[in-house]
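Here is a short briefing to read alongside the model. Have the viewer open and follow the points topic by topic.

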Amino acid sequence: MCFFDMYKFSCGDWKWGNFRQHCQREYRTGETCGTKLVFQTINQPEKCQFCERIERKQRRYEKAASDVKRWQCEPQKYRCSIEKAMTDMSTLAQEIASIVNEKNARYVNIGNTRRNGHR
Ligand SMILES: [Zn+2]
Ligand SMILES: [Zn+2]
């Protein structure tokens, strides 16, 4: 078990940072044994890159949704714009879902690692 910094983001997600210290077992070989433990937690004021990307796309999605709502008062006049916005929205929804999957896959792996236990 070797010790690493842990970056904790404002969204609650986290990732490993720099290597800090070898455990007893691996000290002589100079290699890390592959089991990571938290040496120290470094709080990051911003959100993780997954949440940032999700949020940016969500904002665009919400903007398109509110445009559509506004245009629907005059559906004939804005038909093309509405269609385009609807297409954008379904693309954005797919992109958001795929980032969420990517994020979950990544954090499931981290979740399996032990997070404490100094010895
Ligand atoms: Zn180790
Ligand atoms: Zn996040």
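In this predicted model, the side chains of aspartate 13 and lysine 103 form a salt bridge, 3.0 Å from N to O; the term stands for a side-chain nitrogen of Lys or Arg within 4 Å of a carboxyl oxygen of Asp or Glu. Aspartate 13 sits in the loop between strand E1 (2-8) and strand E2 (14-21) and lysine 103 in helix H2, so the bridge ties together parts that are 90 residues apart in sequence. Both aspartate 13 and lysine 103 are buried, where buried means under 20% relative accessible area, exposed over 50% and partly exposed in between (1.4 Å probe, protein chains only).

**Ground rules**

- Residues count from 1 along each chain as its sequence is written, while chains are lettered from A and ligands numbered from 1 in the order in which they are written.
- Because the model is predicted, local features need pLDDT of at least 70 and side-chain atom pairs count only at pLDDT 80 or more, while totals for chains, interfaces and linings use all residues; side-chain values use heavy atoms, with hydrogens and water left out.

**Overall layout**

- The protein chain has 2 helices and 3 strands; helices (H or I, at least four residues) and strands (E, at least two) are DSSP runs, numbered from the N terminus.
- Read from the N terminus, the order of elements is β-β-β-α-α.
- Of the 119 residues in the protein chain, 27% are buried.
- Take the contacts (heavy atoms within 4.5 Å) between residues at least 6 apart in sequence: 61% of them join residues at least 24 apart.

**The other salt bridges**

- The whole structure holds 10 salt bridges.
- Aspartate 67 pairs with lysine 63, with 3.0 Å between the closest N and O atoms. The two residues are 4 apart in helix H1, which means that about one helical turn separates them.
- Arginine 79 and glutamate 83 meet in a salt bridge at 3.5 Å, N to O. Both residues belong to helix H2 and lie 4 residues apart, about one turn of the helix.
- Arginine 79 is partly exposed at 48% relative accessibility, and glutamate 83 is partly exposed at 46%.
- Elsewhere, salt bridges with shared partners join Lys47, Glu55 and Arg59 into one network.

**The zinc site**

- Which atoms coordinate the zinc ion (ligand 2)? The donors are Cys11 (SG), Asp13 (OD), Cys48 (SG) and Cys51 (SG), at 1.9 to 2.3 Å.
- Donors here are N, O and S atoms within 2.8 Å of the metal (3.2 Å for Na, K and Ca); water is not among the atoms, so sites may look incomplete.
- The site of the zinc ion (ligand 2) is tetrahedral, with angles of 102 to 116° among its 4 donor atoms.
- Along the sequence, the donor residues of the zinc ion (ligand 2) follow the spacing C-x1-D-x34-C-x2-C.

**Nonpolar cores**

- A nonpolar core is a set of buried Ala, Val, Leu, Ile, Met, Phe, Trp, Tyr and Cys residues joined through side-chain atoms within 4.5 Å.
- The largest has 8 residues: Phe9, Cys48, Phe50, Cys51, Ile54, Ile96, Ile99 and Tyr107. Helix H1 (49-71) and helix H2 (79-111) each supply at least two residues of this core.
- Apart from that core lies another of 7 residues, including Cys2, Phe4, Met6 and Trp16.
- Cysteine 2 is buried, at a relative accessible area of 0%.
- Beyond its neighbours within four places in sequence, phenylalanine 9 contacts Trp14, Lys15, Gln44, Glu46, Lys47 and Cys48.

- With a disulfide taken as a pair of cysteine sulfur atoms within 2.5 Å, the count is 0 disulfides.
- Arginine 56 is placed in helix H1 and is partly exposed at 47% relative accessibility. The C-alpha atoms of arginine 56 and isoleucine 96 are 9.5 Å apart in space, with the residues 40 apart in sequence.

Definitions and conventions. Four donors count as tetrahedral if all angles lie between 85 and 135 degrees; four count as square planar and six as octahedral if opposite donors are over 155 degrees apart and all others between 65 and 115; anything else is irregular.
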